Amino acid sequence: MTDPRQPVSREPQQERSRLTRERLLRSTIDALAHDGWSAATVAAVAMRAGVSRGAAQHHFPTREALITAVLEQVFDDMTSTASTTLAALPDDETERVAAAVDRAVAIYTGPQFKAALQVWAAAASDPALRELILPMEDKFARAAHQMTVAALDPDGRYPDSRRIAQVTLDLARGLGLADTLSDDSKRRAQVVATWTAMVSAVLVPPPGSQSLPPGP
């Protein structure tokens, strides 16, 4: 028999609270990505998440608090994707380049980027929001660049790999922007295939040739 003097465990309540918060964040990302900035209010997100407005305001009393938390989640998600272990990349150099380019494009065509894009647009006329975004975006940009360099040139053989990685990310960002208004997947596949071939021509030695030695 349970001793009534023993404190009741708060773990289930804490877990429910954590899950509610996570559902609100994911619903906000979905709202931003699909319906835009105006859809990301605490009341609208609560309805979308199937959570009472009071419960939503318990976690996020203001829209600013909600957007701040969502930005942290979005950039954490994007940074995590960018920093995914390189162990899963193919050993074949041509396949590795293709996988690296595909991964970069995937970062900028997912719902997290579409959600971030809505906040970036709002931040253009909101100095406080812009100051909030800049350090997060900088952290993500560094992680994405490091991942892409390591994926394209794991042994550091090619002096141009860092610039190629940056162009790859800039291209991926442009493709992500093009995908926000309509399904651009067919043209995107053609662009990605062309860029992959161009990068491979620089970073993959022809059959029978001798690879450059690893960098210092």
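Which residues in α5 meet which residues in α8? The close-up views below begin with that pairing.

The model is a predicted one, in which local features need pLDDT of at least 70 and side-chain atom pairs count only at pLDDT 80 or more, whereas totals for chains, interfaces and linings use all residues. Residues are numbered from 1 along each chain as its sequence is written, and side-chain values use heavy atoms, with hydrogens and water left out.

**View 1. Contact of helix α5 with helix α8.** Val101, Ala104, Val105, Tyr108 and Thr109 in α5 meet Thr168, Leu169, Ala172, Arg173, Leu175 and Gly176 in α8, where contact means heavy atoms within 4.5 Å. These residues divide into seven nonpolar, three polar and one charged (Ala, Val, Leu, Ile, Met, Phe, Trp, Tyr, Cys and Pro count as nonpolar, Asp, Glu, Lys and Arg as charged, and the others, Gly among them, as polar). The axes of α5 and α8 (residues 161-178) come within 8 Å and cross at roughly 40°; axes are lines fitted to C-alpha atoms, for helices over the stretch in contact, and angles run from 0 to 180 degrees between N-to-C directions. The two helices are therefore oblique to each other (angles under 35 degrees count as roughly parallel, over 145 as roughly antiparallel, 65 to 115 as roughly perpendicular and the rest as oblique).

**View 2. Surroundings of Thr109.** Thr109 is found in helix α5, which covers residues 93-109; helices are DSSP runs of H or I with at least four residues, strands are runs of E with at least two, and both are numbered from the N terminus. A polar atom of the Thr109 side chain lies 2.9 Å from the backbone oxygen of Val105. Leaving aside residues up to four places away in sequence, Thr109 touches Lys114, Leu175, Gly176, Asp179 and Arg188.

**View 3. Contact of helix α7 with helix α8.** The axes of α7 (residues 127-152) and α8 come within 9 Å and cross at roughly 120°, and these helices are therefore oblique to each other. In this view α7 passes α8 in a right-handed crossing. Ala144, His145, Thr148, Val149 and Leu152 in α7 meet several residues in α8, among them Ser161, Arg162 and Ile164.

**View 4. Packing of helix α4 with helix α6.** Helix α4 (residues 63-82) and helix α6 (residues 111-123) pack at an angle of about 140°, with their axes 10 Å apart, and that makes α4 oblique to α6. The crossing of α4 and α6 is left-handed. Their contact includes Ile67, Leu71 and Phe75 of α4 and Phe113, Val119 and Trp120 of α6, and by class it has ten nonpolar, one polar and one charged residues.

How values were computed
A polar contact is a pair of N or O atoms within 3.5 Å; within protein, one must be able to donate a hydrogen and the other to accept it, and residues adjacent in sequence count only if both atoms are side-chain atoms. A crossing is left-handed if the near helix is turned anticlockwise from the far one by less than a right angle, and right-handed if clockwise.
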